[in-house]
Amino acid sequence: QVQLVESGGGLVQAGESLRLSCVASGLTFRDYVMGWFLQAPGKEREFVAAISQEPDGYIAPYTDAVKARFNISRDGAKNSVYLQMNSLGHEDTAVYYCNTHSSFQGSPMDGYWGQGNHVAVST
């Protein structure tokens, strides 16, 4: 059974940083796209970042909201994907979800999701 276990969220002050982690099991990690999505209260889930299968590790373009502050990476030895979040602001407050799916040609909705990381940024 595929499992994605997330960690690293929390409550921080504006300007601080967090590093979210997601550990995957039950799949051949190197063969799957990994990504991060967020869902703010009362809003739809939206894309944050994605990185393709190894060894290419192609990083999809970041959104304008995060490209100067966030960075996605993966570590095949640890079956993990990370989201480094710098210069956090209140607008970043959301639940962050780890995702894996087959390829960039597929849909994240056909894949698997982590349990969610709560990130709250005080002003």
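Which side chain does asparagine 117 meet in a polar contact of 2.7 Å? The partner is the side chain of glutamate 6. Keep in mind that this is a predicted model.

**Around asparagine 117**
- Asparagine 117 sits in strand β10, which covers residues 117–122.
- This residue is tucked away: asparagine 117 has a relative accessible area of 4%, so it counts as buried, the cut-off being under 20%.
- Leaving out residues up to four places away in sequence, asparagine 117 touches Glu6, Ser7, Gly8, Gly9, Leu20, Ser21, Ala94, Val95 and Tyr96.

**The disulfide**
- Searching the whole structure turns up one disulfide.
- Its partners are cysteine 22 and cysteine 98, with 2.1 Å between their sulfur atoms.
- The pair ties together distant parts of the chain, 76 residues apart: cysteine 22 belongs to strand β3 (residues 18–25) and cysteine 98 to strand β8 (residues 94–101).
- The link between cysteine 22 and cysteine 98 is left-handed, with -80° about the S-S bond.
- As a reminder, a disulfide is a covalent bond between two cysteine sulfur atoms.

**The nonpolar core**
- The largest nonpolar core holds 28 residues, and Trp36, Val48, Leu83 and Tyr96 have the most contacts inside it.
- Two or more core residues come from each of β3, β4 (33–39), β5 (46–51), β6 (70–75), β7 (80–85), β8 and β10.
- The top contributor is β3, which gives four residues to this core.
- Tyrosine 96 has contacts with Glu6, Leu20, Trp36, Phe37, Leu38, Val48, Phe70, Leu83, Met85, Gly116, Asn117 and Val119, again not counting residues up to four places away in sequence.
- Glu6 therefore turns up in two places here, touching asparagine 117 and tyrosine 96, where contact means heavy atoms within 4.5 Å.

- How many of the residues of β8 are buried? Eight of its eight are, so to speak, under cover.
- One side of β8 carries Ala94, Tyr96, Cys98 and Thr100, the other Val95, Tyr97, Asn99 and His101, and all of these are buried.
- In general, side chains in a regular strand alternate between the two faces of the sheet.
- β8 pairs with β4 in the antiparallel sense over seven bridges, and histidine 101 in β8 is the bridge partner of valine 33.
- β8 also pairs with β10, antiparallel and over three bridges; here valine 95 has histidine 118 in β10 as its bridge partner.
- Strand β9 (residues 112–113) pairs with β8 in the antiparallel sense too, over two bridges, with threonine 100 opposite tyrosine 112 in β9.

- Most residues other than glycine have a negative phi, and most peptide bonds are trans.
- Glutamate 54 and proline 55 are joined by a cis peptide bond, with omega about 5°; proline 55 is in the loop between β5 and β6.
- Asparagine 79 has a positive phi, near 50°. Its place is the loop between β6 and β7, and asparagine 79 is partly exposed at 26% relative accessibility.
- Serine 87 also has a positive phi, near 50°. Serine 87 is in the loop between β7 and β8 and is partly exposed, with a relative accessible area of 46%.

Conventions
Residues numbered from 1 in each chain as written. Predicted model: local features only at pLDDT ≥ 70, side-chain atom pairs only at ≥ 80, totals over all residues. Heavy atoms only, no water. Buried < 20%, exposed > 50% of the residue type's maximum accessible area, 1.4 Å probe, protein only. Polar contact = N/O pair within 3.5 Å; in protein donor to acceptor, adjacent residues only side chain to side chain. Disulfide = S-S within 2.5 Å. Core = buried A, V, L, I, M, F, W, Y, C linked by side-chain atoms within 4.5 Å. Pairing = 2+ DSSP bridges.
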